[in-house]
Amino acid sequence: RKNSRKAVYFQHGMVDSSFAWVAKGSVGGLAMRAYDQGYDVFLGNFRGVIEDPSVRVHTDPKISSSKFWDFTGNHHAFHDVPSIIHKIQAIKEEELEEKISDSPANDPPFTLSAICHSMGAMCVIMHVIQSVMERKPHGLHSAVMLSPGGVHRHMPSLIRYGCMVLNTVLCMMPFIHSLRFPSELIRILAAKIVQDVRNTKQTSYLFTFFASLVVGGNLDNHALLSVHNAIQ
């Protein structure tokens, strides 16, 4: 929404993309609802979120696959998030023809809020903390953190030891740089299977039970029982 003086930045979580914020369409999508409320909406995508695995969206078009995928959550928090925020600020300053630096601290030309999920929320929190430590403006007026990720001291044994084994195996296979669906057809089939399983209460509960063995959680009120856009 051009020239709006309130903007909102949506940041997705792990194994996701900005599509999650519009997946429910013009009625249920949070991004759509924010637009209807008068916000200028910006959807952030972390590095590596690409539809075509053969495409390397990078400043170096000849970058190798191993170097392209060599990043961590720290790169998201300390490079991707501030870069996105700075880009939003530049766009709004140009639209409104007002500089943030030229405005009083209590009367900025626009306000920027953030709505973040999972790993996205974790990375935005890390960005804010880092900015405060360095006494630099983080650029956000407010933020809503939906189930922010973090370091878990307690986790299911299957995931604790399974990840150790997976990490060892991947280290022995340097030619594998990322794990993703090999084709669009397989991704669609996987989404269809998950949707069919979740269509009935019994199969949905069974799916959640086995998933909880990996990710943990209370079966009486498990987050997976309310997920509507898995593998989209």
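Trainee: How many helices and strands does the protein chain have?
Mentor: In this predicted model, the secondary structure of the protein chain comes to 8 helices and 4 strands. If you follow the protein chain along its sequence, the pattern reads β-α-α-β-α-α-β-α-β-α-α-α.

Trainee: And what share of the residues counts as buried?
Mentor: The protein chain has 232 residues, and 26% of them count as buried.

Trainee: Okay, strands next. How does E1 run relative to E3, parallel or antiparallel?
Mentor: Strand E1, which covers residues 6–11, runs parallel to strand E3, residues 111–117, and 6 bridges join the two. To find the place on screen, look for Val8, which stands opposite Ser113 in E3.

Trainee: Which residue in E4 is the bridge partner of Ile115?
Mentor: The partner of Ile115 is Val144 in E4, and E3 pairs with E4, residues 142–146, in the parallel sense over 5 bridges. Between these strands the chain passes from E3 through helix H5, residues 119–133, to E4, and this β-α-β crossover is right-handed.

Trainee: Where do side chains point in a strand?
Mentor: As a general rule, side chains in a regular strand alternate between the two faces of the sheet.

Trainee: Switching to pockets: what volume does the second largest pocket have?
Mentor: The second largest pocket has a volume of about 580 Å³. There are 24 residues in its lining, and those closest to the centre of the pocket are Gln89, Pro137, His138, Gly139 and Leu140.

Trainee: Which elements give two or more residues to that lining?
Mentor: Those elements are helix H4, residues 73–96, together with E3 and H5; H4 gives the most to the lining of the second largest pocket, namely 6 residues.

Trainee: And how do the lining residues divide into nonpolar, polar and charged?
Mentor: In the lining of the second largest pocket, 12 residues are nonpolar, 10 are polar and 2 are charged.

Trainee: New topic, aromatics. How many aromatic pairs does the structure hold?
Mentor: The structure holds 4 aromatic pairs. One of them is Phe10 with Trp21, whose ring centres are 5.0 Å apart and whose planes stand at 45 degrees, so this pair is tilted.

Trainee: Is Phe10 buried or exposed, and what about Trp21?
Mentor: Phe10 is buried, because its relative accessible area is 0%, and Trp21 also counts as buried because its relative accessibility is 6%.

Trainee: Why is the pair of Phe209 and Phe210 called edge-to-face?
Mentor: The planes of Phe209 and Phe210 stand at 70 degrees, with the ring centres 5.3 Å apart, so the pair is edge-to-face; the cut-off behind that name is an angle over 60 degrees. Phe209 is partly exposed, with a relative accessible area of 34%, and Phe210 is partly exposed as well, at 48%.

Trainee: Which residues form one aromatic cluster?
Mentor: Phe68, Trp69 and Phe71 form one aromatic cluster.

Trainee: Last one: where is Val194 placed?
Mentor: Val194 lies in helix H7, residues 184–197, and Val194 counts as buried because its relative accessibility is 14%, which is under the 20% cut-off. Ser204 is 10 residues away from Val194 in sequence, and the two C-alpha atoms are 8.9 Å apart in space.

How values were computed: Residues numbered from 1 in each chain as written. Predicted model: local features only at pLDDT ≥ 70, side-chain atom pairs only at ≥ 80, totals over all residues. Heavy atoms only, no water. Pairing = 2+ DSSP bridges. Right-handed = clockwise from strand over helix to strand, strands pointing away. 1 Å grid on protein atoms, 1.4 Å probe; cavity = no way out; pocket = protein on both sides within 12 Å on 5 of 7 lines; lining within 4 Å. Points joined across faces, edges and corners; volume = space filled by probe spheres on them. Nonpolar A, V, L, I, M, F, W, Y, C, P; charged D, E, K, R; others polar. Phe/Tyr/Trp six-rings, centres within 6.5 Å; stacked < 30°, edge-to-face > 60°. Buried < 20%, exposed > 50% of the residue type's maximum accessible area, 1.4 Å probe, protein only.
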